[in-house]
Each structure stands twice: as structure tokens, then as C-alpha cells.
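Subject: Structure for your records

Hello,

Here is the structure you will want open while reading this. My notes follow below it.

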Amino acid sequence: MDSAINPPDKHATRGRPLPAAVDAPRHDLQTSAGGRVHYYADTSAGGRPLVLIHSINAAPSAMEMKPLFEHFRACRPVYALDLPGFGHSERAKRRYSPELYAKVIGEFLAEVVREPADLIAYSLGCEFAAIAAANAPERVNSLALLSPTGFNTRGLPTGAAAERAHRFLSLPGLSDGLYGLLTTRASIKYFYNQVFAGSTPPELIDYAYATTHQPGAKIAPLYFLSGLLFTPRACDSLYPRVTQPVLALYDKDPNIDFQELPDFLGRQSNWRAERLTPTNGMPQWEKPAETIAAIERFWDSLG
């Protein structure tokens, strides 16, 4: 069951407490797949529910989806998750995987939302949302994918190579040093500057720094860095399984490319794509009005 939280005690952490990413009611759901999952919800408006799913990197959280939450909360029920290992969710030592994240999303849709929802996911979160939609199509009405991974030609470690990479990256001295370097304020600012064609909002940098300095913060990102959270050849093995209408929004991204997207669109009639320029991978923050307009046109086209 999900339960309301009485901040700040419930989510205080050792050292500096992590603030809320969104000014909205906060809840927990105890999941079988990922432990305690935190989420923000504004259900004051009617309409089809909307679920927002952030990316996976060294410093993600529901903050990545804040501009969309703030806009859509006025016209429909909106939920934003902190995925396991990030934000205010449980950061336990467990094996993180695409299947785990997809199961958590599925549990959330079944136990909290309880009716077909539209999903908006970002970057690697798009793959998890797609798995959840394919596994339980009755729970997902449509998907809008922002800078989705899985269409790039550059290969990532998979299988045994990814397992070896994770074992290496998890060596105590190495993991602490690497994660420490990745999560300095200067490093966070550098990486964010790569995904903004314009200036990076200080709010994003501040929150990323805060969330990466919570207990257990390095555990899940090490699975990401090793490649274990990516679905091999997602454009062939995963995305064709999605039967719902899908919109992909993209432009440039410093970490991935979309070379295989045009051919994929030619094979999948339920998919469409729109390029939002100039953006470097985070359109919901850099061009929120254009992103929202594209998503709303997509929904309107569905009737």
C-alpha cells in the first residue's frame, strides 16, 4: 500500500537532507521488485493519469521531469517517480536491471494509478517504460519518449563484458574514487552543460549535487556505468514489442545518437517522431513549451 509522508523526518538522511524535487504531495509505495519507491502526486485534476519517468545516470531523480509535472498538474492527475536507487527512494544493495525498473513501473501502475495512463519517459527511462508497456499493455495508453536511448550505432558493453565492467567498477577504492569524481559540483556542471544548448538552470545542478551525496548514492549508478541497465539492441529487441502509440522527441545528445531511428520509424506504424531544435538531450528543460506542445498534439491526434 502507498502512504502519505510527513516530511521532513521520513526522508531525512545522514548529513544534509535531500529536499523535495517537486512541491507536491509525496508518498511511498513498497514494491516487491525495488523496495520502497518514492513518488510525487497531484491528483486534484480529472482526466487520464500521467506518469513521468526520469532517466538513469549518476545523478537522476524526479527533478528531471519537474517542468512537465508543473505544467500538466493543472489539467490531469500527474505522478512523478523516483526510481529505485535514486532520489528519495530506497538505495539498497541489490542487483539493478532493466527488468527490475520495468517491474517497479508495472507495480506502480497496477497499485497506485489503477487505470490506463499516458507515460512520459526520459532517456534510458524510455527503455524501462517500453518494457512495462509491452508487459502490461492494458495499463498504458500511450508513450512519449524524450531523447530515447536504443537507436544509436555506438555499441555498449553487454552480457559478460558488462558483468566484468561492473565487478571492476565496484572495487571499493575504485568505486569511491570514480563516483566521487563524477559527482563533484564541477563535474555535475560540466555534464549538464553538455546536454544544454543554452545555459544550465542552477536548480538542476544544485539538486543533482544533493542527491548524489546521500547514503547509498553510488550503488545503482555503477550498474548504469557498466552498461548493465541498457537493453542490447533495444531498437530491434524491445521497441517493436510496444503496441501503443509512441511519440519520440529528439535532436542532439552528447551521449547517444539516433542514427537508426528513421529506419525504425519506417517499420513501426504506431511510432512517430518529432525533432526539437536546438536541444542537446533535455528538451523538457531547455524547450519546455515546445516539448509540451508536441506531446499535446500527439495526444490530440489519438482522439
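Ser55 sits in the loop that runs between β4 (50–53) and α1 (66–72); helices (H or I, at least four residues) and strands (E, at least two) are DSSP runs, numbered from the N terminus. This is a predicted model, in which local features need pLDDT of at least 70 and side-chain atom pairs count only at pLDDT 80 or more, while totals for chains, interfaces and linings use all residues. Residues are numbered from 1 along each chain as its sequence is written, and side-chain values use heavy atoms, with hydrogens and water left out.

Ser55 has 2% relative accessibility and so counts as buried (under 20% relative accessible area; exposed is over 50%, partly exposed in between; 1.4 Å probe, protein chains only). The side chains of Ser55 and Ser123 are joined by a polar contact of 3.5 Å. A polar contact is a pair of N or O atoms within 3.5 Å; within protein, one must be able to donate a hydrogen and the other to accept it, and residues adjacent in sequence count only if both atoms are side-chain atoms. Not counting residues up to four places away in sequence, Ser55 touches Pro60, Glu64, Tyr122, Ser123, Leu124 and Gly125 (contact means heavy atoms within 4.5 Å).

The largest nonpolar core has 57 residues, and Val51, Tyr101 and Tyr239 have the most contacts inside it. Such a core is a set of buried Ala, Val, Leu, Ile, Met, Phe, Trp, Tyr and Cys residues joined through side-chain atoms within 4.5 Å. Helix α2 (residues 98–113) gives the most to this core, with nine residues. A second, separate core of 39 residues includes Ala62, Leu68, Val78 and Ile295.

Helix α2 also packs on helix α3 (residues 125–135), at an angle of about 60° and with the axes 8 Å apart. Axes are lines fitted to C-alpha atoms, for helices over the stretch in contact, and angles run from 0 to 180 degrees between N-to-C directions. On the α2 side, Pro98, Tyr101, Ala102, Ile105 and Gly106 meet Phe128, Ala129, Ile131 and Ala132 of α3.

Lastly, Asn141 lies in strand β7 (residues 140–146). Asn141 is partly exposed, with a relative accessible area of 25%. Its side chain makes a polar contact of 2.9 Å with the side chain of Asp118. The C-alpha atoms of Asn141 and Leu302 are separated by 9.8 Å, although the two are 161 residues apart along the chain.

Regards
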